[in-house]
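Below is a structure to read through by question and answer. Have the sequence and the model at hand while you go.

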Amino acid sequence: MHAHHHKIYIPYAFGAFYNTLTEAFLLDTIGTTLSLMLSGLTIRQTICFSTISVLKGVDDHCGYRLPWDPLQWLGEQDTRFHDVHHQAWGIKSNYSQLYTTFWDHICGTVCDKSEEEIARLYEKGKVMARERAVAGKEE
């Protein structure tokens, strides 16, 4: 079900909400409602938490890591962290969303590639994308 969301390899803000109606209903509507009801948050706290969560989800999928962005200061989960998860070479790592990177640490799914290796993989992906685009124009 969530595989639909992973058709996106190039990060963009509204990609955070690129999912099927079934996933949106089960996870975003029912899951969020149950979680917030069980948490005991007041209506005002729920509105604040939900607003920050939506903004953080969009921010994490936007593809930019801006140093003055306060949403990027909320932990190690930032645009760069989650973008690795959307790459073909990193799809089995960095699952965490929003505020929950501790699960990646507990389950051993934090990407263990060096910054240099990640940069090399991104560059390789760009070259392959350009080659595909050129091949597509020639047809």
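The questions that follow concern a predicted model.

Q: What percentage of the residues of the chain count as buried?
A: A residue counts as buried when its relative accessible area is under 20%. The chain has 139 residues. The buried part of these is 29%.

Q: Of the accessible surface of the chain, what percentage belongs to carbon and sulfur atoms?
A: The accessible surface of the chain comes to about 9,600 Å². The part of it that belongs to carbon and sulfur atoms is 67%.

Q: Among contacts between residues at least 6 apart in sequence, what percentage join residues at least 24 apart?
A: A contact here means heavy atoms within 4.5 Å. Among the contacts in question, those that join residues at least 24 apart make up 38%.

Q: How many Å does helix H1 reach from its first C-alpha to its last?
A: Helix H1 covers residues 21-39, which is 19 residues. At 1.5 Å a residue, the expected span is 27 Å. The reach in the model is close to that, at 25 Å.

Q: At which residue does H1 bend?
A: The bend in H1 is about 30 degrees. H1 is followed by Gly 40, whose phi is positive, near 80 degrees, but the bend is placed at Gly 31.

Q: Is Asp 28 buried, partly exposed or exposed?
A: Asp 28 has its place in helix H1. Its relative accessible area is 39%. Buried means under 20% and exposed means over 50%, so a value in between is called partly exposed. Asp 28 is therefore partly exposed.

Q: Which residues form a nonpolar patch on the surface?
A: The patch has about 590 Å² of accessible area together. One of its members is Ile 30, which is found in helix H1. At 33% relative accessibility, Ile 30 counts as partly exposed; patch residues need over 30%, so Ile 30 passes that cut-off. The patch is formed by Phe 25, Leu 26, Leu 27, Ile 30, Leu 34 and Leu 38.

Q: Which side chain meets Arg 80 in a salt bridge?
A: Side chains of opposite charge can pair when their charged atoms come close. In this pair the N to O distance is 3.8 Å. The pair links distant parts of the chain, helix H3 (residues 79-85) and helix H5 (residues 115-138), with the two residues 35 apart. Arg 80 is partly exposed at 40%, and its partner is Glu 115.

Q: In which helix do Glu 117 and Arg 120 both lie?
A: A search of the whole structure finds two salt bridges, and one of them joins the side chains of Glu 117 and Arg 120 at 4.0 Å, N to O. Glu 117 is partly exposed with 30%, and Arg 120 is partly exposed with 47%. The two are three residues apart, about one turn of the helix, and that helix is H5.

Methods
Residues are numbered from 1 along each chain as its sequence is written. This is a predicted model: local features need pLDDT of at least 70, side-chain atom pairs count only at pLDDT 80 or more; totals for chains, interfaces and linings use all residues. Side-chain values use heavy atoms; hydrogens and water are left out. Buried means under 20% relative accessible area, exposed over 50%, partly exposed in between (1.4 Å probe, protein chains only). Accessible areas come from the Shrake-Rupley method with a 1.4 Å probe; for residues, only the protein chains shown count as cover. Helices (H or I, at least four residues) and strands (E, at least two) are DSSP runs, numbered from the N terminus. The expected span of a helix is 1.5 Å times one less than its number of residues. The bend at a residue is the angle between axes fitted to the seven residues ending there and the seven starting there. Patches are made of residues with over 30% relative accessible area and no salt bridge: like charges are joined within 9 Å, nonpolar side chains (Val, Leu, Ile, Met, Phe, Trp, Tyr) within 5 Å.
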